[in-house]
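Okay, thanks everyone, I'll keep this short. Have a look at the structure first, and then I'll talk you through one chain.

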Amino acid sequence: MNYDCLIVGGGFSGLTCGIRCQGAGLSTAIISAGMSALHFSSGSIDLVGYDHERKIVYRPFEYLEKFTGAAPDHPYAHCGVETVRESLFFLKDVLAAEEMEIHNNGDENHFHVTGMGTLKPTFFSQRSVFNSAISQAFARKAKIAVLNFEGYRDFYPELAITNLLNNSLFRDVEISTGKLVFPDYGDPQKNPFEYRSIDVARIFDTIQYLDEIAEQIKREAGDAEFVAMPAFIGIQNYKKHHQILQMLTGKLIYEIPALPPSILGMRLDDALKSRFAELGGVLIAGDMVKGGDFRGGLLDHVHTQNYGTARLRAKAFVLSTGSFFSGGLVSDARGIREPIFDLRVSATSPRSTWHSPQFLDRKGHPFLEFGVETNGRLNPLDAGGNPVENIFCTGALLPHYNPIREGSGGGVAVATGFHAANQIIKACG
Amino acid sequence: MKRIETDVIIIGGGATGCGTLRDLALRGIKAVLIEKNDIASGTTGRNHGLLHSGARYAVNDLESAMECIAENRILKKIARHCIEDTGGLFVTLPEDDPGYHQKLVEHCRYARIDCEEISIGKALRIEPNLNPAALSALRVPDGTIDPFRLVSSNVLDAQERGARIFTHTFVTAVIQEGSRVTGVRCHDTGTREDFEVYGQVVINASGVWGQRICALAGVELKMFPSKGAMVIIDYRINNVVVNRCRVPSDGDIIVPGDTVSLIGTTSKKIDYSQIEELSIDDSEIEVLLADGEKLIPNISRTRVLRAYSGVRPLIAVSGDVDGREISRGIVLIDHAARDGVEGFITIAGGKLMTYRLMAQMTTDLACKKLDSSRKCSTHREPLPGSELKSMPGKHIKFFSGIPQSVVGSTLYRHGERVRQILSLSKRNYALICECEMVCEGEVEYAIRHLNVKDLVDLRRRTRIGMGPCQGELCSYRAAGLFARLNVATSAESNGMLVDFLEERWKGMKPILWGDGLREAEFTHWIYQGLFGLGDVNLPGEEESL
Amino acid sequence: MIDLENISFDHCIKCTVCTIYCPVARVTHHFPGPKQSGPDTERLRIKNPELLDDSLRYCTNCKRCEIACPSNVKIADIIQSSKWKYFKKKFRIRDYFLSHTDLMGSVAVNYATLVNFFTGLPPVKFLLDAVFLIPSKRTFPKYARGTFRKWFRKYAQKKQAAFGTRVTYFHGCFVNYNDHSLGKDLVTVLNAMNIGVDITRERCCGVPLIANGYIGKARKNARYNIASLQKAVVDPGSRIVTTSSSCAFALKYEYANLLEMDNSSIFNQLNYITRFIYDQFQAGNAPPMKPVTIRAAYHSPCHLERMGGVIHTIDVLRRVPGLELQILHSECCGIAGTYGFKKEYYDVSQKVGGALFKRIERVRPDFVITDCETCKWQIEMSTPYKVLHPVNILARAFER
Ligand SMILES: Cc1cc2nc3c(=O)[nH]c(=O)nc-3n(C[C@H](O)[C@H](O)[C@H](O)COP(=O)(O)OP(=O)(O)OC[C@H]3O[C@@H](n4cnc5c(N)ncnc54)[C@H](O)[C@@H]3O)c2cc1C
Ligand SMILES: Cc1cc2nc3c(=O)[nH]c(=O)nc-3n(C[C@H](O)[C@H](O)[C@H](O)COP(=O)(O)OP(=O)(O)OC[C@H]3O[C@@H](n4cnc5c(N)ncnc54)[C@H](O)[C@@H]3O)c2cc1C
Ligand code: SF4
Ligand code: SF4
């Protein structure tokens with residue numbers, strides 16, 4: 001099998017890269033061993049939310065202009081701030097083509113509410129999380145009702161509201177709670193108390209229940225103009241059904257990301273995969289790249305678990321295999337490795353330096369900053385320290401940034417995927 | 001200041017203290033127990049959980065060995081749901097002294113511990129994951145014991161018989177009138193209130209902390225703490241206790257404990273000032289895993305869930321230094337006789353599995369002081385939950401509709417009390433902890449009936465957060481339930497959640513690699529990345545959304 | 001006793017992704033999903049086999065959970081092996097008949113007309129339902145008259161010697177007993193590509209045996225098949241093909257992962273047919289095709305998805321001129337081999353397939369195309385459309 005561009009890892013970064021390459025006319029395949037981190041993410045795309053003192057960054061691009069100068073190894077520095085910006089708006093267009101509305105606050109970050117009622121700065125959000133009507137309502141200090149299904153085990157409005165009210169922004173806002181009851185499914189087998197967000201999303205996807213839910217929302221929300229619910233308002237028909245619900249209730253309906261699986265993240269995943277397929281890209285799911293052979297300092301082909309000895313060839317290869325979580329990096333008691341090609345990684349030793357003393361340490365954990373060492377083109381280094389010019393590493397696999405502490409996970413995934421694609425397109429074109 | 005009157009005051013809610021509380025209650029004597037943290041949060045909750053047959057001590061310490069086998073037989077009757085009669089093996093590996101095998105056989109015979117020599121083939125049938133290179137094997141009546149359940153059911157029974165217990169309450173002073181101890185002053189860390197308890201007898205059952213309690217009473221008792229580390233692996237890799245057949249040393253026991261297996265232990269002297277903050281070195285972990293692997297080779301392929309350590313409270317009766325050499329004999333001190341301080345007893349040493357005997361000895365002494373002639377019945381009276389020999393089939397049928405794995409796990413943890421916990425309401429059996437099958441009904445029961453004040457307590461009663469995910473999904477759910485059940489405010493629930501995750505982190509840090517690291521990355525993403533839990537106390541931001 | 005062959009459950013990080021993608025958990029709460037049935041409770045079963053949940057039986061072994069899992073947990077394998085390790089074996093005549101396809105087939109083909117007639121009769125269906133717990137709503141696949149092997153020996157074998165390159169064809173039970181035309185079409189297609197076809201001794205690949213817990217018998221068949229096929233591929237250049245995606249999946253993956261047999265001697269040389277044709281096309285062996293003017297909807301079977309073979313089928317079909325191909329969203333059809341033939345699962349099976357059937361109706365194709373025979377039965381029973389195999393299409397395009 002032969003492609004122009006073969007991408008290992010179908011997460012946020014691999015998909016962005018694949019869509020860009022395939023869209024530019026390169027024959028592109030993505031091999032992915034399992035579902036990616038998008039299934040757990042908030043579904044908002046964080047560019048950079050905090051500075052090195054963990055103070056909130058309001059104008060991310062301005063901040064990055066300064067910051068990348070001081071941090072030349074940071075993935076954003078490799079891309080350059082202009083490319084970062086370009087990549088994000090490329091992504092916005094891609095999602096628009098899939099009829100997914102993404103909103104940003106101009107060049108500034110906005111906040112979204114978390115399941116614990118804290119506020120997180122982010123750059124792009126879905127319509128049910130950020131849009132102008134929502135920010136106006138917040139500014140007006142409109143009354144909020146946080147609603148939840150009775151007995152739903154993955155969201156506890158009580159906890160969130162306490163923290164929200166502690167925030168000066170919400171100090172004079174009136175927040176009420178209310179309980180919804182799952183519509184009668186006609187299926188006595190179901191145990192609604194064990195529903196996950198996905199089960200609830202499927203209820204919202206079914207048009208016949210919307211009227212009943214809307215009635216309940218109206219009743220429970222009272223005169224609140226703003227209704228917040230855990231993010232489970234539909235997965236396939238979310239866009240239409242969210243609008244219908246707003247219409248039926250006459251209220252703004254806001255989604256709060258809750259425990260995994262993340263419906264907001266899965267919507268992104270769906271949209272990106274569908275875009276890639278429509279452009280003609282090949283997605284090979286459930287297979288794992290096991291290794292490859294090099295020729296003349298370049299990667300010649302890779303082989304996978306399912307295809308056995310068959311060789312998958314390409315002009316350029318992208319490694320978007322994620323961090324430890326997704327298997328892009330592996331660790332044992334002695335050290336850290338990149339498992340497919342044993343590429344050079346940036347990590348500390350001994351093991352006791354991998355983590356911080358507190359779990360919720362504000363400095364984050366060093367292991368999140370480990371990854372495959374690359375040059376500015378994102379080419380990794382072979383054993384001899386020379387760059388492999390037809391491999392590009394992107395996303396969470398990269399070192400020298402801490403996605404959680406900086407609030408930069410999605411942005412780095414998109415920007416580096418895009419940056420790699422640009423170079424591949426140039427090389428192949 | 002609030003004042004409580006009782007007959008006997010017990011300091012320390014470990015196995016010894018709680019066992020004593022129950023013994024007193026069974027004898028109809030009023031008692032109050034004060035525990036600074038949670039029951040079983042001291043050494044009792046930080047050991048190997050081995051229900052010794054005594055074989056391990058047979059060669060070096062015959063007295064302990066005989067105590068063990070006697071208590072072993074009793075506990076198998078009265079604490080059915082807290083112990084598992086797995087049986088145990090002693091195996092000799094090629095590098096071990098082959099002579100020890102014979103010595104052990106002889107000493108066991110002397111101590112009347114059933115000890116059967118079996119072929120390697122048979123040993124491998126009993127324990128398929130055993131190192132096939134083993135040279136010889138012995139079978140002994142070892143078992144496992146769950147300290148959390150054991151202590152919790154002792155307390156449950158005592159409370160149902162009128163005893164009182166205060167957890168998360170420190171004893172800050174021992175009140176004396178002349179040469180007589182008459183009570184203790186306490187500080188409740190939850191309400192931050194001080195109160196006093198008065199009684200005729202004060203029992204110091206505070207384990208390794210006993211030296212400090214003695215000091216509060218103006219008595220000197222020196223203790224040499226010796227730290228032991230253990231690692232927990234993800235699943236139950238062995239079904240019977242596997243011991244190395246050699247002079248007791250590091251890393252030579254693997255105990256199957258509920259859904260996991262535990263490898264232990266090391267032994268290291270520490271300074272008395274270090275007993276609160278126990279650290280675990282990489283070298284200890286390496287020793288444990290390397291030695292564990294020799295007994296069960298598959299261990300090298302298995303995920304390590306946690307590492308933890310406990311301190312053995314060794315009392316300076318002889319001038320001994322090394323933790324393992326001296327007998328872990330039971331030390332019962334009547335301070336009236338030893339130091340001229342009336343109404344004060346110290347009980348320490350011994351083992352988890354001799355807790356009942358220790359409690360009996362202590363209660364006997366207390367009774368003498370109270371002039372009571374009531375006899376001990378703890379060797380006959382089964383603990384709540386252990387009244388009947390549990391037959392899973394019966395319960396599974398009774399609760400048909402609830403997954404067998406849920407019924408079975410609840411039954412395993414609470415014995416016959418399962419009937420008070422589960423119900424056929426869907427809400428009741430919805431799972432909160434998906435690794436250890438803890439359902440909402442069990443959480444609610446524990447919170448309402450088992451002296452649970454926070455998430456860590458809840459973990460000790462139910463195993464919530466003790467499985468492979470170490471609390472990834474369930475800690476948020478359980479914290480939410482505290483608020484939903486109105487037993488804590490939302491702010492308190494938030495605080496509990498943070499504390500719980502930090503408590504889990506302590507045990508994960510030393511073994512943070514492989515799948516454990518992946519799990520930690522995921523959990524960190526959820527709680528910090530997605531929930532911003534670390535920012536909960538951040539002052540509000542000024543700019544608008 | 002703890003059997004530690006499959007300890008992949010140990011890698012599970014409890015992310016719940018598998019449960020999102022499980023088609024059964026989606027339609028019935030009787031099945032708590034792959035996470036709970038697989039890695040979660042496997043830990044408990046290791047501790048105590050009595051903690052076995054009956055609900056495990058609902059798993060169709062579609063493997064969609066494994067495709068989704070980011071931790072490479074062999075979830076479906078864990079569930080299947082738990083089914084046969086821990087469930088007490090109850091002999092059920094129905095399960096025996098449904099799973100011993102070669103035995104049943106070899107009898108039925110001799111009385112094909114009769115058997116087909118009877119299994120179609122309402123009273124018989126009622127009986128099957130009441131006594132054997134085979135739902136009366138289910139239509140039975142028809143048996144063919146005689147076996148494919150007989151036909152092959154009589155009419156095709158001689159001509160094959162003329163070809164320089166030959167491949168071994170593992171035809172499987174379906175072609176042998178139910179639908180000769182697929183086997184015949186395969187001979188047509190390969191011959192048109194200038195490749196000869198051999199057959200060798202084979203037994204049922206074992207898929208239905210595995211599903212019904214006849215693991216001993218499945219192992220026996222596996223041993224037999226590996227030994228027989230091994231002989232056919234001593235030369236590293238030789239190839240084995242199957243026209244059943246499920247047979248290919250069993251021979252390549254279930255043998256190794258579930259039955260713990262060493263099939264490495266045939267692994268790389270054995271492939272599902274479209275993969276073989278794809279490779280031939282890539283290598284330039286692509287004879288001209290004539291247009292077929294068909295509007296078809298393509299359904300990708302679960303096991304082909306798991307093998308990563310869907311791209312080959314699609315690529316091959318896309319080269320057929322005139323074939324207007326609509327790729328259906330990848331979804332389980334619900335039959336899962338013998339699963340949909342059992343009364344207790346019939347409703348679940350139909351509910352699982354519901355989404356797929358709706359999609360097909362929306363497309364209104366001339367035909368549905370799929371690679372798997374049981375998917376074919378399910379779709380033909382549940383929609384008004386006839387289902388073809390990719391090889392049927394190619395045969396039309398290559399026909400002279
Ligand atoms: C719980 C969670 C919450 C998050 N929340 C946010 C958020 O709110 N905002 C935000 O901006 N970002 C968030 N992120 C981060 C963001 O989603 C990730 O940083 C980003 O998705 C990383 O993308 P990636 O493509 O580099 O890697 P991943 O998404 O990890 O994808 C890697 C893919 O590669 C596959 N793979 C690995 N090895 C192989 C192999 N050998 N062969 C084939 N395939 C392989 C994996 O199976 C996986 O599908 C979150 C992440 C997590 C885990
Ligand atoms: C590594 C290791 C492995 C072991 N393995 C086994 C084994 O396999 N089998 C076995 O039978 N035994 C084993 N033991 C021994 C066993 O754990 C102990 O002997 C037993 O748990 C001691 O129980 P205790 O109640 O006396 O003490 P503890 O459990 O320590 O109880 C003392 C309690 O007092 C409380 N306390 C202290 N100060 C105060 C205060 N000021 N106010 C209020 N409360 C206070 C503490 O919080 C604590 O909960 C092991 C010990 C170690 C260290
Ligand atoms: S194999 Fe299919 S039915 Fe079985 S658990 Fe996995 S996804 Fe569900
Ligand atoms: S997808 Fe894999 S890792 Fe996630 S819960 Fe399922 S088995 Fe576990």
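When I say "domain" today, I mean bounds that come from an automatic or database domain assignment. And keep in mind that this is a predicted model.

So, chain C. The assignment gives domain 1, residues 8-86, and domain 2, residues 288-398. Taken over C-alpha atoms, their centres sit 26 Å apart. In the contact, domain 1 of chain C puts in 15 residues and domain 2 of chain C puts in 14.

How much area do domain 1 and domain 2 of chain C bury between them? About 1300 Å², with 61% of that on carbon and sulfur atoms. On the domain 1 side, V27(C), T60(C) and R64(C) supply 40% of the area buried against domain 2, more than any other three residues.

E66(C) pairs with R306(C) in a salt bridge, and the closest N and O atoms are 3.1 Å apart. The elements giving two or more residues to the domain 1 side are α2 and α4 of chain C. That side divides into seven nonpolar, three polar and five charged residues.

Last stop, ligand 3. Which residues are closest to ligand 3? Out of 14 surrounding residues, they are C22(C), C59(C), C62(C), K63(C) and C65(C). Helices α2 (23-27), α4 (64-68) and α5 (75-86) of chain C each give two or more residues to that shell. By type, the shell has ten nonpolar, two polar and two charged residues.

Conventions: Residues are numbered from 1 along each chain as its sequence is written. Chains are lettered from A and ligands numbered from 1 in the order in which they are written. This is a predicted model: local features need pLDDT of at least 70, side-chain atom pairs count only at pLDDT 80 or more; totals for chains, interfaces and linings use all residues. Side-chain values use heavy atoms; hydrogens and water are left out. A residue is near a molecule or strand if one of its heavy atoms lies within 4 Å of it. Helices (H or I, at least four residues) and strands (E, at least two) are DSSP runs, numbered from the N terminus. Ala, Val, Leu, Ile, Met, Phe, Trp, Tyr, Cys and Pro count as nonpolar, Asp, Glu, Lys and Arg as charged, and the others, Gly among them, as polar. Contact means heavy atoms within 4.5 Å. Buried area is the accessible area (1.4 Å probe) that two parts lose on being put together, summed over both. A salt bridge is a side-chain nitrogen of Lys or Arg within 4 Å of a carboxyl oxygen of Asp or Glu.
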